[in-house]
Amino acid sequence: MAQKNIVQAAEYAFMLGSALTTSFQVVNSSGLPYPCFMLRIVNLASLNIIISYDGTTSQDILKAGETLNITTQNNALPSSGVALFPAGMKVYVKSTAAGTGTLYVTAYYQTV
């Protein structure tokens, strides 16, 4: 029987804009459930956010009302290499103050 490559969405995580502070806080407390080839951060909060993938270093910024899509290499051709966000990876955010609205982290992974 032939195998199929299937893309699935991980359950999303969210944080209320009212919980934002000037210190990094984790959005997806359980981390990514699987190695993922796409990470999406949706900022529907009223403030710009700073993003960290290690909880310490400011690594990206996302303006209020915008979405950040990061897609990695999800196929193994021609060099048998892939680049994925690791299972367990957490996304941290901070801002200048508490705001309104909601932040979301979604991710997509591939199964066989």
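**Exercise 1. How many aromatic pairs does the structure hold? Classify those around Tyr-104.**

Solution. The structure holds 4 aromatic pairs. Rings of Phe, Tyr and Trp (its six-membered ring) pair if their centres lie within 6.5 Å; planes under 30 degrees apart count as stacked, over 60 as edge-to-face and the rest as tilted. The model is predicted: local features need pLDDT of at least 70, side-chain atom pairs count only at pLDDT 80 or more, and totals for chains, interfaces and linings use all residues. Residues are numbered from 1 along each chain as its sequence is written, and side-chain values use heavy atoms, with hydrogens and water left out.

Step 1. Take Tyr-12 and Tyr-104. Their ring centres are 5.6 Å apart and their planes stand at 65 degrees, so this pair is edge-to-face. It links distant parts of the chain: Tyr-12 is in the loop between strand S1 (6–9) and S2, Tyr-104 is in strand S9, and 92 residues separate them. Strands (E, at least two residues) are DSSP runs, numbered from the N terminus.

Step 2. Take Phe-14 and Tyr-104. Here the centres are 6.5 Å apart and the planes at 40 degrees, so the pair is tilted. Phe-14 lies in strand S2, Tyr-104 in strand S9, 90 residues apart.

Step 3. Ring pairs link Tyr-12, Phe-14 and Tyr-104 into a cluster.

Step 4. Check accessibility. Buried means under 20% relative accessible area, exposed over 50%, partly exposed in between (1.4 Å probe, protein chains only). Tyr-12 is partly exposed at 49%. Phe-14, at 47%, is partly exposed. Tyr-104 is partly exposed at 26%.

**Exercise 2. Which side chains of strand S2 are buried? Find the partner strand.**

Solution. Step 1. S2 covers residues 13–16, and its side chains alternate.

Step 1. S2 and strand S9 (residues 102–111) run antiparallel, joined by 4 bridges. Two strands pair if DSSP finds at least two bridges between them. Ala-13 has Val-105 as its bridge partner in S9.

**Exercise 3. Is Asn-43 buried or exposed? Describe its surroundings.**

Solution. Step 1. Asn-43 is in strand S4 (residues 38–43). Its relative accessibility is 0%, so Asn-43 counts as buried.

Step 1. A polar atom of the Asn-43 side chain lies 3.0 Å from the backbone nitrogen of Ala-45.

Step 2. Leave out residues up to four places away in sequence. Asn-43 then touches, among others, Asn-48, Leu-62, Glu-66 and Thr-102. Contact means heavy atoms within 4.5 Å.

How values were computed:
A polar contact is a pair of N or O atoms within 3.5 Å; within protein, one must be able to donate a hydrogen and the other to accept it, and residues adjacent in sequence count only if both atoms are side-chain atoms.
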